[in-house]
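Please open the structure in the viewer and keep the selection panel at hand.

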Amino acid sequence: MSSKQHTEQNDDRRGAMLAVLRRRGIVSDTVLDAMAEVPRDLFVPEHLAELAYEDGALPIGDGQTISQPYIVALMTEVADIKPQSRVLEVGTGSGYSTAILSRIAGHVFSIERHDSLAIAARRRLGEAGYLDNVSIVVGDGTLGLPEEGPFDAIIVTAAGPRVPEALQAQLALNGRLVMPVGSTPGAQKLTCVVRDGDSDFRTEVLATVSFVPLIGAQGWQR
Ligand code: SAM
């Protein structure tokens, strides 16, 4: 197949993915535009590129996954990110959700505990032209990045036993934190915490989800 046919095929598949997202209830044009722009096929292993626009998670190495497009869209929509927002992402993985966030936010700080994944994600984000407003950091994201906070939105892409206190403390006033909580894949609670005041936090459970574990000082112990 020529590269032009290949590109057209991926454009068609991306269009079909967007139709699925709309059908499943994603309404934010900002989020849908970002999902329409970012080529997910560049963020999955080459041998799985055919499946890049299916609405499912895929393996990316180191026992980790690229999240399902619908869940990326839902978490991004709930985080209510504005063009000037400073966003913290915990769990860079492939860099796909980082790319989506970079199209919407002012700056995205993304932390990954596996340096091999962080290096590959940084390379892909650079090749796709998305590194201008992105910083990739290797480390334990359960502790956040206190020197860069507070953050208008924090998105955690792995499931922890509870919302880390360190992350709550780095949330700006009216900021939103979105993360899965719980141990059993398929029964974890996608949770949104909104900071209404200095020590006033509101928590809402949005959906039941399946995520890889959040390993760290304020996550699960290895
Ligand atoms: N959003 C990613 C994407 O689009 O490819 C998917 C992320 S994957 C579901 C979750 C990631 O969280 C994994 O890459 C895992 O290594 C990472 N992770 C788990 N615990 C972490 C921690 N304490 N700090 C940083 N990253 C962590």
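**The ligand and its shell**

In this predicted model, begin by selecting the ligand: 26 residues surround it, and the closest are Gly91, Gly93, Ser94, Gly141 and Gly216. By class, the shell comprises 10 nonpolar, 13 polar and 3 charged residues. Next, colour β2 (64-66), α4 (96-102) and β4 (107-112), each of which supplies at least two residues of this shell. The greatest contribution comes from β2, with 3 residues.

**The annotated serine**

Move on to the loop between β2 and α3 and select Ser67. An unreviewed UniProt entry annotates Ser67 as "active site". Is Ser67 buried or exposed? Ser67 counts as buried because it has 26 C-beta neighbours inside 10 Å, the threshold for burial being 20 or more. Leaving aside neighbours within four places in sequence, display its contacts: Ala57, Val72, Ser97 and Thr157.

**Helix α5**

Select residues 115-128, which form helix α5. Its 14 residues reach 20 Å from the first C-alpha to the last, close to the 20 Å expected at 1.5 Å a residue. Within α5, highlight the buried residues Leu117, Ala118, Ala120, Ala121, Arg122 and Leu125. These buried residues pack against β1 (58-61), β2, α4, β4 and β5 (134-138). Gly129 follows the helix and has a positive phi, near 85 degrees.

**The largest nonpolar core**

In soluble globular proteins, nonpolar side chains tend to be buried together. The largest nonpolar core here has 60 residues, of which Met75, Val87, Ile100, Ile154, Ile155 and Leu177 touch the most other members. Helix α3 (residues 69-79) gives the most to this core, with 7 residues. Centre the view on Leu177: not counting residues up to four places away in sequence, it touches Ile154, Val163, Leu167, Gln168, Leu171 and Val193.

**Backbone exceptions**

Most residues other than glycine have a negative phi, and most peptide bonds are trans.

- Gly149 and Pro150 are joined by a cis peptide bond with omega of about 0 degrees; Pro150 is in the loop between β5 and β6 (151-156).
- Asp62, in the loop between β1 and β2, is not a glycine, yet its phi is positive at about 55 degrees. Asp62 counts as partly exposed because it has 15 C-beta neighbours inside 10 Å.
- Asn174, in strand β7 (residues 171-181), also has a positive phi, near 70 degrees. With 11 C-beta neighbours inside 10 Å, Asn174 counts as exposed.

Technical notes: Residues numbered from 1 in each chain as written. Predicted model: local features only at pLDDT ≥ 70, side-chain atom pairs only at ≥ 80, totals over all residues. Near = placed C-beta within 6 Å. Helix = DSSP H or I, 4+ residues; strand = E, 2+ residues; numbered from the N terminus. Nonpolar A, V, L, I, M, F, W, Y, C, P; charged D, E, K, R; others polar. Expected span 1.5 Å × (residues − 1). Buried ≥ 20, exposed ≤ 12 C-beta atoms within 10 Å, placed from the backbone. Contact = placed C-beta atoms within 7 Å. Core = buried A, V, L, I, M, F, W, Y, C linked by C-beta atoms within 7 Å. UniProt positions renumbered as here; feature names shortened; annotations may be inferred.
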